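Reader: I am new to this structure and would like to discuss its aromatic rings. Could we begin with the terms?
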Amino acid sequence: MLDLLNDLIWSKLLIVMLIGLGLYFTIASRFVQFRYFGSMFRIFSEAFQRQPGQLSSFQALMLSVAGRVGAGNIAGVSVAIMLGGPGAIFWMWVVALVGMATSYFECSLAQLYKRREADGGYRGGPAFYIQHGLGQRWLGIVVSILLLVTFGFGFNAVQSFTVASSLHDTFGIPTLASGIALTVVIGLIIFGGIKRIAKFADVLVPVMAFSYLGMALLVIGMNISEVPATFALIFKSAFGLEPAFAGGIGAAIIMGVKRGLFSNEAGLGSAPNVAAVAEVKHPAAQGIVQSLSVFIDTLILCSCTAMIILLSGVYQPGMEQAGVVLTQSAVAAVVGEWGRVFISLALLLFVFTTLIYNYYLGENALGFFSQKRGPVMIYRVLVVVLVLWGSVQDLGTVFAFADVTMGLLAICNLIALALLFKVGVRLMRDYDSQIKAGVESPVLDAKQFADLDLDPAVWGSQPVETADQAEIGDRVYQR
């Protein structure tokens, strides 16, 4: 049943929707992800600029990267190459490049339609822009349930399976023992809330990402003469010109799209939940920032894993090996056995932050249709059980379950984005016009969007122009 659903969703629906809508969003927005690419990096100069008690854009970015960077970057890439050949990497790049535009719009809309909580924080995401943008609460509930199942249960099972397999291969630790250890850690952390998670993420994520990038550069440097041939192999395999690899162009596209979405989550509806939490002056600014996390995840870190595997000489067409084990074997073949240990430790850090991020997404989804304490406690128990379950399952079962729930969630979210695209473009043009007028940091004027169902507690402040700023059209808040 899982195989039949996966075939229907991925080989027929999502390939068209993900790439088709991504291209449409890209062209219709005049390549927004490239026009503002340089602006994405300005966020690092604003890392600590936030209101007391709120998350900065930098922290929201690190949370998104923490969620995106995980088993998909190490095990997912390995699986893509084993089942789709080296060409799957090319299609992962395509999904990421067009997905940057999709991520821009979904995160901008999440910011626009977010709601202020009783404690002063924010809550938002696909369910919120579906309810308040489309007026379809029932669909918002469906999306919330899919988000809950996909991240709280499915993806956490994948993450725990991956790290348990890695630790077993490297240190001989039984998978059940690793699963028990993970459940204990998760149980201790998940009671801390989004702000505690952010404090971990904005420190751990840069460290682990740069460490992994350093390892990849070491492997590439030791095989620098083979790099051009490796890129040629990826491009040829992507278009079925290397018949020795997997199932040709069809397998390459399907696996590239599947594992690309699993890794960078663009269009999936996960990142908007975190993007909505940040304190920003204009929703489009957070959309621009969140596009960067897609770039970091796939164009940089997934490419690192692909180069490690293909340059090592370990990979052979038709081989069968657990995803993370292939990556570990590839690193060990180049730098020695200490590389196997490094991958295990890096994966442990990746999975640690991702498990907590996944838990938060599930709880955020649950909060959309139930504010009672009982369901939250039941959810926490189920998360712990699924983490333990995933650690002792086989790769096929775990990935098949996650693929089905992920595919259904993506379909619902992409339909909502298509219906709300005009609102997203309107928001983008407002931001563009302020930038063109010389405004360094655009501000949303709620009066310009009075016809939309926005939360006045969030966007109720009306901007006014000071005498000194009138010439450039800059705005300041007046509450």
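Author: Rings of Phe, Tyr and Trp (its six-membered ring) pair if their centres lie within 6.5 Å; planes under 30 degrees apart count as stacked, over 60 as edge-to-face and the rest as tilted. This is a predicted model, in which local features need pLDDT of at least 70, side-chain atom pairs count only at pLDDT 80 or more, and totals for chains, interfaces and linings use all residues. Residues are numbered from 1 along each chain as its sequence is written, and side-chain values use heavy atoms, leaving out hydrogens and water.

Reader: How many aromatic pairs does the structure hold?
Author: There are 17 aromatic pairs. One of them is stacked: Phe 25 and Phe 421, at 4.9 Å centre to centre with 20° between the planes.

Reader: Which helices do Phe 25 and Phe 421 lie in?
Author: Phe 25 is in helix H1 (residues 2-28) and Phe 421 in helix H19 (residues 421-436), so the pair ties together parts 396 residues apart in sequence. Helices (H or I, at least four residues) are DSSP runs, numbered from the N terminus.

Reader: Are Phe 25 and Phe 421 buried or exposed?
Author: Both are buried, meaning under 20% relative accessible area, with exposed over 50% and partly exposed in between (1.4 Å probe, protein chains only).

Reader: What about Trp 93 and Phe 235?
Author: Their ring centres are 6.1 Å apart and their planes at 55°, so this pair is tilted. Trp 93 counts as buried at 13% relative accessibility, whereas Phe 235 counts as partly exposed at 37%.

Reader: Which residues form one aromatic cluster with them?
Author: The cluster consists of Phe 90, Trp 91, Trp 93, Phe 231, Phe 235 and Phe 239.

Terms used: Helices (H or I, at least four residues) and strands (E, at least two) are DSSP runs, numbered from the N terminus.
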